[in-house]
Amino acid sequence: MLVAIVLSTLATVALSVWLHDGTTTAFDNWMLRVLYNHIGETGSQPLLGISEPILTLVLLAAVVIFAALVRLWSLVALAVIGPVVALGMTELVLKPLVHRTIGKDIVPNDPYPGFGTAFPSGHETGVMAVVLVLALVLHRSPLPKRWRVTGWVVLALWAVVAALGLVRGFYHYATDTVGAITLTTAIVLSTALAIDACTHAAKRRSPETAERQLTRRS
């Protein structure tokens, strides 16, 4: 997990530097043209719905409520702190700092609505936050391995399809969604490790009340 955090952090920094004060890239142009040519307007709207903030909020709220009911306070902390920090970094730090703007130079008819700063994608950050929280829940669950792997595949597909929908719907460039994925991965996994450290410290002080760790099955 530490390797994933380091690599995600380095990727986020590299993308931030590369895209600073920029607009589109060759990769963004290619990805949008592929999606534009293969997905029509009818298919574009359902794809956008997959990244709707209300969906991510409802899922996170469900995780928090369930975890609180069964007194898994480490999971409550993860489901609240991880997404909040990730979204805060996205909207309050990186977007103003990188200052990448949405352009109107990729496909005919100027489809980009001109939202302003775009990197990283807030919608994709929300999706990835939920994906990673649920992935860690599966990791510590007693389900058979095949079911956990199936769940991880479904979650990964959700993240990818949500990103594609944002690009095809002209809300973001492809690299905006990549940046959101790397940023959220670094933050949520770091949060999980920090919570594990606190849980381990609590276990040493009071073993009978400590919870299982988020990142290691016990």
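The model is predicted, so local features need pLDDT of at least 70 and side-chain atom pairs count only at pLDDT 80 or more, while totals for chains, interfaces and linings use all residues. Residues are numbered from 1 along each chain as its sequence is written, and side-chain values use heavy atoms, with hydrogens and water left out.

**Salt bridges**

- The whole structure holds three salt bridges, each defined as a side-chain nitrogen of Lys or Arg within 4 Å of a carboxyl oxygen of Asp or Glu.
- R100 pairs with D28 at 2.6 Å, N to O; R100 lies in the loop between helix 5 and helix 6 and D28 in helix 2 (residues 26-38), so the pair ties together parts that are 72 residues apart in sequence.
- R100 also bridges to D176, with the closest N and O atoms 2.7 Å apart; D176 lies in helix 8 (residues 174-205), so this pair ties together parts that are 76 residues apart in sequence.
- E91 and K95 form a salt bridge at 3.3 Å, N to O; they are four residues apart in helix 5, separated by about one helical turn.
- E91 is partly exposed at 36% relative accessible area, whereas K95 is buried at 10%.
- Helices here are DSSP runs (H or I, at least four residues), numbered from the N terminus.

**Pockets**

- A pocket is an open set of points on a 1 Å grid over the protein atoms alone, where a 1.4 Å probe fits, with protein on both sides within 12 Å along at least five of seven lines; lining residues have an atom within 4 Å of a point.
- The largest pocket has a volume of about 260 Å³, and T56, L57, L60, P83 and L87 lie nearest its centre among 17 lining residues.
- Helix 4 (53-69), helix 5 (73-98) and helix 6 (122-140) each give two or more residues to the lining of the largest pocket.
- That lining has eleven nonpolar, five polar and one charged residue.
- The second largest pocket has a volume of about 180 Å³, and ten residues line it, including F66 and R140.

Conventions:
Grid points are joined across faces, edges and corners, and a volume is the space filled by probe spheres set on the points. Ala, Val, Leu, Ile, Met, Phe, Trp, Tyr, Cys and Pro count as nonpolar, Asp, Glu, Lys and Arg as charged, and the others, Gly among them, as polar. Buried means under 20% relative accessible area, exposed over 50%, partly exposed in between (1.4 Å probe, protein chains only).
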